[in-house]
Amino acid sequence: MSFVKMRDLRVAFDGTQVLHGIDLDVAKGEAVGLVGESGCGKSVTWLAALGLLPGKARVTGSVTLEGQELCGASRAALERVRGGRIAMIFQDPSSSLNPVVRVGRQITEALRIHRALEGDTARNEAIRLMDMVGIPDARGRFNTYPHEFSGGQCQRLMIAMALAGEPDLLIADEPTTALDATIQAQILDLLGTVRDETGMAMVFISHDLGAVSHICERICVMYAGRIVEEGPVQLLFDDPHHPYTRGLFDAIPRLDGGRGRLVPIHGTVPDPKNLPQGCTFSPRCPRATGFCRDNLPLLNPQPDGRQLSCIHPVPVYGQRPQVLDCRGSAAA
Amino acid sequence: MLSFVLSRLLRAFITVLLVMTFAFCVLRLSGDPAQILLGPDAPQEAIDAFRERWGLNDPILVQYWAYLRSLLSLDFGMSMRDKSPALQLVLERIPTTLQLTVPALILKIGIGIPAGVYAALHRESVADRGVIMLAVLGFTMPSFVIGLLLVLIFSVTLGWLPSGGQDGWIHGILPTLTMSIGGVGILARFSRSAMIEVLGQPYIRAASAKGVSWRDVVWKHALPNASVPIVTIVGFMIGSLIAGAVVVETIFAWPGIGRLLVVSVANRDLAVVQCLLLVIAGTMVLANLAVDILYGWLDPRLSRKSGVH
Ligand SMILES: Nc1ncnc2c1ncn2[C@@H]1O[C@H](COP(=O)(O)OP(=O)(O)OP(=O)(O)O)[C@@H](O)[C@H]1O
Ligand SMILES: [Mg+2]
């Protein structure tokens, strides 16, 4: 049974629809990747699920956590879920820590809320967590402020804080985008280790398909507020059916291919205020026909286990390289 | 920390010295105390004797030098009018002024900050719009207009409160209200925008995502950050505790520092005006210094830069 189940989740800001009905399941212990270009609604999806969007956002549909409805739940109910059942870490670690509160206290705060730890017990547990995520001299740095840490260390602290609540699911929203390549690889490693040790589920939001395929078992590809293709990593990687998925894979630099094989997707993500008619990807799609421009395809299950919303999918094409070791390539 | 405080103290000292010098020159160039104090019909001999007595015939540099030297021995000169020490005249008036400005400051802080924070937490609501409107009204209206309006309403029309004088606390109500309205407006608007800015920061969302209750997000995460800019304004207000009542004291005939200043300037009572300006500049500079030090304590990032740690 799914741990989190989203059905027809829709979000609008000031009358502009930015999510157009997301159906997404996350099972216990599973790692799901959520990919797509900037602005396609990856963050909004999970912020909406946790009730973290600003008041002007209109959220409809259903998000259930082991059967408990979160959409429209009371503030108190959501506060119990946040951090304790579902934790979230963000893209910009340095500004996600409160600049005027000592880092140790920011971690013990979560320990107090979710595990009722106080005083020295909380302090020691916080130091253990800081140690675990790889903060050197954790005891000595318990009383320092966030500005005394590098970006990578701030993200480690955020992870420690997320772990403090012993959540069942961690949403990592582009946790490495703001960091440089070597640090990215370290944080990805850390997330992998954390998952192995705790067995928690993870949703990994990223532009970096390479990193996603390394960490996750399943990928959801989003475009303009919709899921356009969803399936097991290896399946999508070997054999992407949606031209957008294919485009994303073709845009990854490959170690074997050289520069010439990098194929960017032309054009940009449409503005949610005026989406194109029919399939929203059609203006950028090399395979689009007149039919695509008039008709919106639905997300349908396919015989091979994936879900796809495309009228003219990419034909099967073989000889894809194996999934890249992206930690290797990122560090290189 | 020490070098930081020392450099600030040096700056404070230079500021006060500049104010003092400027006041000294302007006062001496803008009218003859002998003429003003003795009246237009005074005989020439009396005027000459007066000038001789107060050293007004010396070249201005000599006078300035003598002034500085007496300051070093903490001698602030004598009032030409009362023949009593200027410092004593000034110190006598300070409590009278504080009787108005301290309650006014408490009102400004006690009403302005909560109103601004409340408005920020209920953005775009009716309460928010109301706070903005009243705040703008409060700080755009000059205090003499507010004062006259209050007198018109509460003294003339309703007859509830006295319109002037200093005869018990009831006389302090209108001047205190007059003085606080502008400050309440300023603080409300400032706290509101500081709070809105902070609430939009990623660490607020991150704190919520951690499961922190909204009340704690506001009290433990947002307010400490918003307090940094708010403290600046409060610092200014504290700096003007002594000098901020000139207009209001004049309207309500309240015998405080402000009135002393107005009367002494009119009489060219040099020593008193100089002493007043020194005290006023001193309090402002001290308040600024306190704010600077407080910053380092409120925001650890700033203390790094300025060396407080
Ligand atoms: N607070 C907000 N107010 C108005 N519009 C918003 C708000 N937050 C997001 N949006 C809009 O919602 C859409 C989806 O944004 P979202 O942040 O989910 O994108 P994303 O896929 O996470 O992109 P990125 O990779 O840049 O993080 C965008 O068009 C964005 O402009
Ligand atoms: Mg995002």
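Here is a chat about a predicted model with chains A and B.

Colleague: Let's pick a helix. How many residues has α6 of chain B?
Modeller: Helix α6 of chain B has 15 residues, running over 126-140. From first C-alpha to last, α6 of chain B reaches 21 Å, close to the 21 Å expected at 1.5 Å a residue.

Colleague: Which residues of α6(B) are buried?
Modeller: B:Asp128, B:Val131, B:Ala135 and B:Gly138 are buried. Looking down the axis of α6(B), you'd find the buried residues within an arc of 95°, so they line one face of the helix.

Colleague: What's on the face turned away from that buried side of α6(B)?
Modeller: That face carries exposed residues: B:Val126, B:Arg129, B:Met133 and B:Thr140.

Colleague: And what covers the buried residues of α6(B)?
Modeller: The cover includes three helices of chain B, namely α5 (86-121), α7 (143-157) and α8 (173-199).

Colleague: OK, switching to chain A. What's the strand order in the sheet of eight strands?
Modeller: The order is β6-β7-β8-β3-β9-β10-β12-β11 in chain A, and this open sheet has mixed pairing. At its edges are β6 (86-89) and β11 (300-301) of chain A, each pairing on one side only.

Colleague: How many bridges link β9 and β10 of chain A?
Modeller: Six bridges, with β9 (residues 218-223) and β10 (residues 226-232) of chain A pairing in the antiparallel sense. For example, A:Arg218 has A:Pro232 in β10(A) as its bridge partner.

Colleague: What about the sheet of four strands?
Modeller: That open sheet of chain A has the order β2-β1-β4-β5, with antiparallel pairing. β2 (16-27) and β5 (68-69) of chain A are the edge strands with a single partner each, so one side of each is left without a neighbour in the sheet.

Colleague: Which residue stands opposite A:Val4 in β4(A)?
Modeller: A:Leu65 does. Strands β1 (residues 2-13) and β4 (residues 57-65) of chain A pair over eight bridges, in the antiparallel sense.

Colleague: What's the phi of A:Asp8?
Modeller: Phi of A:Asp8 is near 50°, a positive value in a residue other than glycine. Most residues other than glycine have a negative phi. A:Asp8 is in strand β1 of chain A, and its 36% relative accessibility makes A:Asp8 partly exposed.

Colleague: And where is A:Asp137 found?
Modeller: A:Asp137 is in the loop between α5 (119-132) and α6 (138-141) of chain A. A:Asp137 also has a positive phi, about 55°, although it is not a glycine. With 54% relative accessibility, A:Asp137 counts as exposed.

Colleague: Last one. Where does A:Gly199 lie?
Modeller: A:Gly199 lies in the loop between α8 (181-198) and β8 (201-206) of chain A. A:Gly199 is partly exposed, at 45% relative accessible area. Leaving out residues up to four places away in sequence, A:Gly199 touches A:Gly29 and A:Val194.

Conventions. Residues are numbered from 1 along each chain as its sequence is written. Chains are lettered from A and ligands numbered from 1 in the order in which they are written. This is a predicted model: local features need pLDDT of at least 70, side-chain atom pairs count only at pLDDT 80 or more; totals for chains, interfaces and linings use all residues. Side-chain values use heavy atoms; hydrogens and water are left out. Helices (H or I, at least four residues) and strands (E, at least two) are DSSP runs, numbered from the N terminus. The expected span of a helix is 1.5 Å times one less than its number of residues. Buried means under 20% relative accessible area, exposed over 50%, partly exposed in between (1.4 Å probe, protein chains only). The arc is that of the directions from the helix axis to the C-beta atoms. Contact means heavy atoms within 4.5 Å. Two strands pair if DSSP finds at least two bridges between them.
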